[in-house]
Amino acid sequence: MNKVLITGVASGIGYALAKKYSGNEFIVYGIDIAKTKPNIDNLNYYSCDITSEEELTNLYNKLNNEHIIFDLIINVAGIHKMASLVETEYKKLKSVIDVNLLGTMLVNKTFHPLLNKNGRIVIITSEVASFDPLPFNSLYSISKIALDAYAQGLRQELNLLNQKVITIRPGAVETPLSNGSSIDTKNLADDTVLYKNEAKHFVSIVERFTGKKITPDNLAKRIYKITLKKRPKYIYKIHQNLGLFLLSILPKRLQCFIVKLLLNRK
């Protein structure tokens with residue numbers, strides 16, 4: 001049977017993917033920082049911090065000793081923090097980059113020796129990876145833009161070894177991370193000193209323009225089909241927000257003018 005390693009399996013997209021693959025003749029190995037094993041049949045679960053080289057190395061040694069070879073590595077684990085780039089404490093800024101970018105890089109570096117010679121790596125970024133950052137969501141966007149660039153760099157290298165890297169850029173998904181971002185936005189409005197008025201307006205704009213979210217199960221179905229394709233595309237955009245897309249194609253000066261107009265009103 002094919003084997004897949006998935007990060008972030010305790011909830012959201014990772015959980016839905018673990019369910020989908022375990023129900024379709026895959027042996028699933030799941031990583032998450034949560035201590036409690038998710039309720040998924042036939043899941044080989046490991047509580048592990050993807051930003052810890054020591055923990056990942058220990059897991060690698062265990063799997064290597066068991067002669068595990070993966071056909072797929074799917075990188076899902078990530079966090080979301082709303083932030084003011086000039087007010088938010090460094091520890092919070094660093095945590096997002098550590099998990100969303102460096103954690104993914106560390107997972108792939110650690111477990112690549114266990115990847116089948118024709119194996120594939122899937123990297124879940126975000127639709128924001130292809131857009132210019134917006135205020136207060138910039139930290140998350142920066143991490144995903146960097147992750148998207150990393151995926152292309154990894155793709156170039158692994159292409160030389162006949163291994164594929166697939167980037168998935170989903171729009172809004174009904175997950176704890178997505179729902180938590182709404183709460184985080186409201187907390188930012190309470191905490192900021194420089195942007196009290198702007199942050200409050202940003203909360204209402206986000207709630208108004210996010211649109212209907214795709215469910216993790218529906219997204220997992222689409223990702224599952226993509227990973228089975230003989231010749232998959234390099235990048236897949238799923239459930240993209242039209243408003244964000246239209247804003248992103250405008251000149252940067254005009255983008256700034258529109259955002260300031262929306263957020264600076266009394």
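**Ser-22 and its setting in the fold**

Apart from neighbours within four places in sequence, Ser-22 is in contact with Val-28, Ile-40 and Asp-41. These contacts come from a predicted model. Ser-22 lies in helix 1, which spans residues 12-22. The side chain of Ser-22 also reaches back to Lys-19. The relative accessibility of Ser-22 is 18%. Buried means under 20%, so Ser-22 counts as buried.

The wider fold was examined next. The protein contains nine helices and seven strands. Its radius of gyration is 19 Å. The globule rule gives 18 Å for 266 residues, and the two values are close, so the protein is as compact as a globular protein of that length. Along the principal axes, the C-alpha atoms fill a box of roughly 60 × 35 × 30 Å.

Of the 266 residues, 48% count as buried. Among contacts with a separation of 6 or more, 71% join residues 24 or more positions apart.

The accessible surface of the protein comes to about 13900 Å². Carbon and sulfur atoms account for 55% of that surface. The protein carries 36 positive and 23 negative charges.

Key
Residues numbered from 1 in each chain as written. Predicted model: local features only at pLDDT ≥ 70, side-chain atom pairs only at ≥ 80, totals over all residues. Heavy atoms only, no water. Helix = DSSP H or I, 4+ residues; strand = E, 2+ residues; numbered from the N terminus. Rg over C-alpha atoms; globule rule 2.2 N^0.38 Å. Buried < 20%, exposed > 50% of the residue type's maximum accessible area, 1.4 Å probe, protein only. Contact = heavy atoms within 4.5 Å. Areas by Shrake-Rupley, 256 points an atom, 1.4 Å probe, with all protein chains shown as cover. Lys, Arg positive; Asp, Glu negative; His and termini not counted. Charge placed at Lys NZ, Arg CZ, Asp CG, Glu CD. Polar contact = N/O pair within 3.5 Å; in protein donor to acceptor, adjacent residues only side chain to side chain.
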